[in-house]
Amino acid sequence: MTDKAEYVELHSASAFSFLEGASQPEGLIRAAVDAQMPAIALLDRNGFYGSARFHSAAKANGVRAHIGAEIAVSDLGERLQPPAWLPHQHVPEPVRLPLLCTSRIGYQNLCQLVTRFKMREQRKCEGSALTTDLAEFSDGLVCLTGGDEGPLASALNNGREEAGRECVERLIEIFGRRNVYVELQRHGNRAEEVRNQAALRIAESLRLPILATNGVRYATQYEREVLDVFTSIRNHVSLDKAGRLLQTNSQRQVRSARAMRRLFGDLPEAIENTLLVSQRLEFELNDLGYEFPRFDTPTGELMESFLRKRVAEGIENRYVPKRDAALHERAKKQAERELALIERLGFAGYFLIVWDIVRFCKDNDILIQGRGSAANSVVCYALEITAIDPVGMDLLFERFLNESRSEWPDVDLDLPSGDKREQAIQYVYQRYGELGAAMTANVITYRGKSAAREVGKALGFDDETLGRLSGLIGHWEWRKKDETLGDNFRHAGFDLGHWRIISGSTPAAWSSVRAASIK
């Protein structure tokens, strides 16, 4: 039997677990490929932020991407802290429960769970779920008991083995016995192994399966240094003073099956169960089952028929005044070709919704204009979504919508700022419902100068040095084949003998951060 068929990593986090993961999703996939792993799971903190890129990279490399999330649960306790006598402690936060999607229903439930507790928060924070939320959205999910950040470790640490058993029993009540796995991680830590032995006894007494993971926080051991920098940034301390907030070793990388078998040589079933769980995780992101929203036509007729009538009216309004019979005929033929494709792909409702928004704006004296590749569509032109005649200008419709590319249409609508824009937004909410419309959310990221300044603080540089670092970023580029990172520092006037610049942590931190490992 080869390594490829003997282990699947079911608990990893990417840089989208902001400042708690050191690798991009693509880096985790590359590590899985190097380890000849057939599948790997991504469980970022309180969301699916990195899952799309993770899925795309996995698909390109012939690896199955399992999707899930680590969900903070406030009434299951607080995560482990370093010993109280140490000067720095983690900011108190709830334990996190690793959940994996077995099916589309599980993915939908996990999405609804995250939405539920995010919308419940009244202040700016990540929020956390309650066990009542878990019970409501438990179908289609597999629950792991977690590593150091999980509820079992917290219960064992605070209330000993009996509290740990009660915690696991509570999870069984929520998810069902078949869907709870006692997770074991081994990172060469004595306290962790004590908890593992207690977890094994609990699993045996409750007749639950055990599951080995490495609680991955970076793709390769080299990137542990990056995670240390991120940990310092997250806790607002320098590396010099971070102490036990940092990882105790470099053991949370993507490990090969051989390495994991050796690590769990006394518990082979913990390794074998990773394959069994992986087989259960049938859901992939290309199985979303998404359908575009339906448009309720005022006459009750089919969307396709209603759209055809609006397009036919628009063609007449747009082209008759041009007094060019040949152009008019070409426009009608092009509209028929586009409508046939729109109906075949099931996009009639989408175009009618965009038309409805545009019509509202024009009826209420709100300036609105469609732009981008939508200008290549005569259907958009006829519906007055765009203002450019694509037939008269011989524009290529396939640049906007092409069946062979399997892409969804994308119509950008420009609106004025201020009250008129807000009026249009409120119409969308009222017309389609508060849960049927949403503002696009941006993932906050570090960029350029701010990244340099934050990393410089973590490395303990003074204000003058931080200023030179942030100024260096705008000009940071390789100019010749053999140029090194040190050359860039030297050009900026840094002393390469400075212990922070020559120390082992700096090259990894700067090269990875500069390559956007904190995107």
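Visitor: How do the axes of H11 and H12 cross, and within what distance do they come?
Guide: In this predicted model, the axes of helix H11 (residues 303-319) and helix H12 (residues 325-345) come within 11 Å and cross at roughly 160°. Because angles over 145 degrees count as roughly antiparallel, H11 is roughly antiparallel to H12.

Visitor: Is that crossing left-handed or right-handed?
Guide: The crossing of H11 past H12 is right-handed.

Visitor: Which residues of H11 and H12 meet?
Guide: H11 contributes Glu304, Leu307, Arg308, Val311, Ile315, Glu316 and Tyr319. From H12 come Leu327, His328, Ala331, Lys332, Ala335, Glu336, Leu339, Ala340, Ile342 and Glu343.

Visitor: And by class, what does the contact of H11 with H12 have?
Guide: There are 10 nonpolar, 1 polar and 6 charged residues in the contact of H11 with H12.

Visitor: Let us change topic. Which residues touch the most other members in the largest nonpolar core?
Guide: They are Ile71, Leu99, Leu110 and Phe175, in a core of 64 residues. Helix H5 (residues 151-175) supplies the largest share of this core, with 7 residues.

Visitor: What lies apart from it?
Guide: Another core, of 43 residues, lies apart from the largest one; Phe306, Leu307, Ala331 and Val379 are among its members. Two of these names have come up already: Leu307 belongs to the H11 side of the contact with H12, and Ala331 to the H12 side.

Visitor: Back to Leu110. Which residues is leucine 110 in contact with, leaving aside its neighbours within four places in sequence?
Guide: Leucine 110 is then in contact with Phe48, Gly68, Ala69, Ile71, Leu99, Cys101 and Leu141.

Visitor: You mentioned H5. At what angle do the axes of H5 and H6 cross?
Guide: The axes of H5 and helix H6 (residues 190-206) cross at roughly 25° and come within 10 Å. Angles under 35 degrees count as roughly parallel, so H5 is roughly parallel to H6. The crossing of these two helices is right-handed.

Visitor: What does the contact of H5 with H6 have, by class?
Guide: By class, 9 nonpolar, 2 polar and 5 charged residues take part in the contact of H5 with H6. Among them are Leu152, Gly164 and Arg165 of H5, together with Arg195, Ile202 and Ser205 of H6.

Visitor: One more pair. How do H7 and H16 pack?
Guide: Helix H7 (residues 224-235) packs against helix H16 (residues 448-458) at an angle of about 95°, and their axes are 9 Å apart. This angle makes H7 roughly perpendicular to H16.

Visitor: Which residues in H7 and H16 meet?
Guide: Val229, Ser232 and Ile233 of H7 meet Glu454, Val455 and Ala458 of H16. That contact has 4 nonpolar, 1 polar and 1 charged residues.

Conventions
Residues numbered from 1 in each chain as written. Predicted model: local features only at pLDDT ≥ 70, side-chain atom pairs only at ≥ 80, totals over all residues. Heavy atoms only, no water. Core = buried A, V, L, I, M, F, W, Y, C linked by side-chain atoms within 4.5 Å. Buried < 20%, exposed > 50% of the residue type's maximum accessible area, 1.4 Å probe, protein only. Helix = DSSP H or I, 4+ residues; strand = E, 2+ residues; numbered from the N terminus. Contact = heavy atoms within 4.5 Å. Axes fitted to C-alpha atoms, helices over the stretch in contact; angles between N-to-C directions. Parallel < 35°, antiparallel > 145°, perpendicular 65-115°, else oblique. Left-handed = near helix turned anticlockwise from the far one by under 90°. Nonpolar A, V, L, I, M, F, W, Y, C, P; charged D, E, K, R; others polar.
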